[in-house]
Amino acid sequence: MKRYNIRMAGIGGQGVVTASHVMSNGVIIAGGESTLVPFFGSEKRMAPVESYVRVAEGRIFEIGEIIYPNVIMIFHTQVITHGKSYTMPFYSGLKDEGVVLINSEKPLELEPDQARELREKKAKVFYIPASKLAAEVAGTELATNMAMAGAVAAVIGLPDLISLEQSVKERFLGKGFVVSGGTASLDNVIEKKFGKKVELIQKNMDVVKAAHKYAVDHKWNDLSVAETAALAAAGR
Amino acid sequence: MAEGLQTEVKTNPQGDVITATEAPKAKEKENKAAKQRVVTPEYLFFEAPRTKTFITGSEAAKEAIRRANVDIAISYPITPQSETMQQVGYLYAEGYLKDYYRGEEEYGVMSAVAGASRAGVRALTATAGPGLMRGMEVITSWPGGRMPLLLLVVCRVINAPLAIQPDNVELSYLLNSGVIVFHAENQQDFYDFPLKAYMISEKCEVTLPVAVAVDGFFVTHARGWVELPPDDIKLPPRECYHEAVPMMDNENPPARLSRDAPIQKSNFISYQMHASWQQEIWAAQDRARPWIKKYMGGLIEVVNPGAETMIVASGSAVSQSREAVRQAGEKGDTIGLVKIRSLRPFPTQELIEACRHAKRIIVPEFNCVGWMAKEVRSALFGQTKAEIVPGPRVFGGMSMPTELILEYLYKTPNEARMTTKPLTV
């Protein structure tokens, strides 16, 4: 039975918390269990944001922050390069052979100590050009979070694409979805940009699918195959 | 500044976007509240069909209060409790409560709910961490006043360096106040316990205030599965003339306590009166036990009874322990778990029974002082040969990683303290 503890880190305005809701709800739609805990200070653009998501095919008992994640998602390179994070270094607590998914077009120049520690943990580090995919497919980097959700769903196999699509729909068509002030105003901007909700949902789904395909094409979903390549990337 | 936004976006005078869940229009909801019918506690608790919903702890508390036939709620904001009483405010807007207002600060709020309780109505308030400490002077006077009411305690750090995260050291101050204290583990408990607390609180032989504590944010602000009965039923109203102390009205003077305060007469009679008064409070706590068993299924819950290693915990520490028990189970090890639902009255006899076979007892806690370990040790003193390990503990509102509990399960405490790396599981 699959069971993953995911820590998402990004910066304000990227939709980290939204991605975690979409992901979490997708797993529940697929018949699994999921809980999430968002974590941020004052809501503002470019400020650190974290969200902790537990997904499982069985019962989830634990609550609260995830101190030792299996999967870490970095939505913005500034989390690493500028230290915009509540958890430093970005991989702290990562379990051995855990996955790190970083939104970047090319591998980062990590500090030697960081590269060594990632090697010691046998971490699988994947670089996904999430913002680029979002810009190409949806015409806006605001869909970066959808790309990250699509990619991680491919890597861990939870949730399946159909459930994820349903979750994206529910997120925007909503059934009493409680959002914060910042998220609500951003939603408004996004909706205006796309004109119609239907179009918005379609574009978001296209990004999810594109990122999912990107991950599958790179065989990130087959962790044994991906390991060698990932280790090489981490060892730069 | 709002020119990029559509015109229907509402802002407050500072220009911030007003969002969150707006209180539904009173007009359309008013009827729904008025149409609620009173059912027996037994029906509401055990017989009514339940629907599974995925809601936050604060929303779960709201659903409890919706069905609790509460007359008045008095609030004062403090993180992370504010959202809970905000939800109750919506209930007032929908017509489920007769009165609701914001007090001046916690001392005033705790005094005001005491007044409401003495007047004979079903009263509610909630607070968190530092707010509980501020209200504590008044709270310790409630039991002596024999005031049935409900206090929701959303635990947060109280000690410096200050934080808003869920550390539950504040509960140690509440334990000796005479207030009945339940500790909710999750969203489901935070729905169930308040309703049951009211019924227990108002029993004639109990007539005491009840606090339902929960760990902040990770329960109140996170979603979990909650099974809810329909919202068109509610508890019977408070029957204030059936309680141990007559209500304050123009005919009945209040409890003698407030008319002839014994503290003003230093003589043998007043000391004896004080002693009997206090004994009566703790006797009333004991008399709550059968009702806790009846309504809450016991003061404790035991997982894997008879195991050689037992974890004893309350609140969120139970959730983390359940996962540790599950992971140990995957390795083929049976670890027992005692969830303590009622901190006051404390389940001394139940604990002795549940730990009879234990060789090792581990007490994980979300605070620095280890009040639960002290409770467990004094309850089991002379009753067990088991090693009682006072830990693991996390501080300042950190979540307890399951890995930490597993370390204590698989290593001796000294080894666990020396290690810096988590056990790979």
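**View 1. The end of helix α14 of chain B and the residue that follows.** Helix α14(B) is followed by B:Gly382, whose phi is positive, near 75 degrees. Helices here are DSSP runs of H or I with at least four residues, strands are runs of E with at least two, and both are numbered from the N terminus. This is a predicted model, in which local features need pLDDT of at least 70 and side-chain atom pairs count only at pLDDT 80 or more, while totals for chains, interfaces and linings use all residues. Residues are numbered from 1 along each chain as its sequence is written, and chains are lettered from A and ligands numbered from 1 in the order in which they are written. Helix α14 spans residues 371-380 of chain B, and its buried residues are B:Trp371, B:Met372, B:Ala373, B:Glu375 and B:Val376. A residue is called buried if 20 or more other C-beta atoms lie within 10 Å of its own, exposed if 12 or fewer do, and partly exposed in between, with C-beta atoms placed from the backbone. The cover over the buried residues of α14(B) includes α8, β12 (309-313), α13 (348-354), β15 (360-362) and β16 (387-389) of chain B.

**View 2. The two domains of chain B.** An automatic or database domain assignment sets the bounds, giving domain 1 (30-241) and domain 2 (300-418) of chain B. Their centres, taken over C-alpha atoms, are 27 Å apart. In domain 1 of chain B, 24 residues are in contact with 20 residues of domain 2 of chain B; contact means that the C-beta atoms of two residues, placed from the backbone, lie within 7 Å. On the domain 1 side, the elements giving two or more residues are α8 (171-174), β7 (180-183) and β8 (210-215) of chain B. β7(B) gives the most, with four residues. By residue type, this side of domain 1 divides into 15 nonpolar, five polar and four charged. Nonpolar covers Ala, Val, Leu, Ile, Met, Phe, Trp, Tyr, Cys and Pro; charged covers Asp, Glu, Lys and Arg; the others, Gly among them, count as polar.

**View 3. The seven-stranded sheet of chain B.** The strand order of this open sheet is β4-β3-β5-β6-β8-β7-β14 (chain B), with mixed pairing. Strands pair if DSSP finds at least two bridges between them. β4 (99-102) and β14 (342-344) of chain B are the edge strands; each has a single partner strand, so one side of each has no neighbour in the sheet. On average, neighbouring strands are turned by 20 degrees against each other, direction ignored. β7(B) and β14(B) pair in the antiparallel sense over two bridges, and B:Phe182 has B:Ser342 in β14(B) as its bridge partner. Helix α4 (residues 82-93) of chain B lies across β3 (72-75), β4, β5 (123-127) and β6 (150-155) of chain B, at about 140 degrees to β3(B). Helix α5 (residues 106-118) of chain B also packs on the sheet, touching β3 and β5 of chain B, and its direction makes about 160 degrees with that of β5(B). Axes are lines fitted to C-alpha atoms, for helices over the stretch in contact, and angles run from 0 to 180 degrees between N-to-C directions.

**View 4. Strand β5 of chain A and its partners.** In β5 (residues 99-103) of chain A, five of the five residues are buried. A:Val99, A:Leu101 and A:Asn103 are on one face and A:Val100 and A:Ile102 on the other. Strand β4 (residues 71-74) of chain A runs parallel to β5(A) and is joined to it by four bridges; here A:Ile72 has A:Val100 as bridge partner. β5(A), helix α3 (residues 112-120) of chain A and β6(A) make a right-handed β-α-β unit: with the strands pointing away from the viewer, the path from the first strand over the helix to the second runs clockwise.

**View 5. Cis peptide bonds in chain B.** B:Ala160 and B:Pro161 are joined by a cis peptide bond with omega of about -5 degrees. B:Pro161 lies in the loop between β6 and α8 of chain B. A cis bond also runs from B:Gly391 to B:Pro392, with omega near 0 degrees. The loop that holds B:Pro392 is between β16 and α15 (402-410) of chain B.
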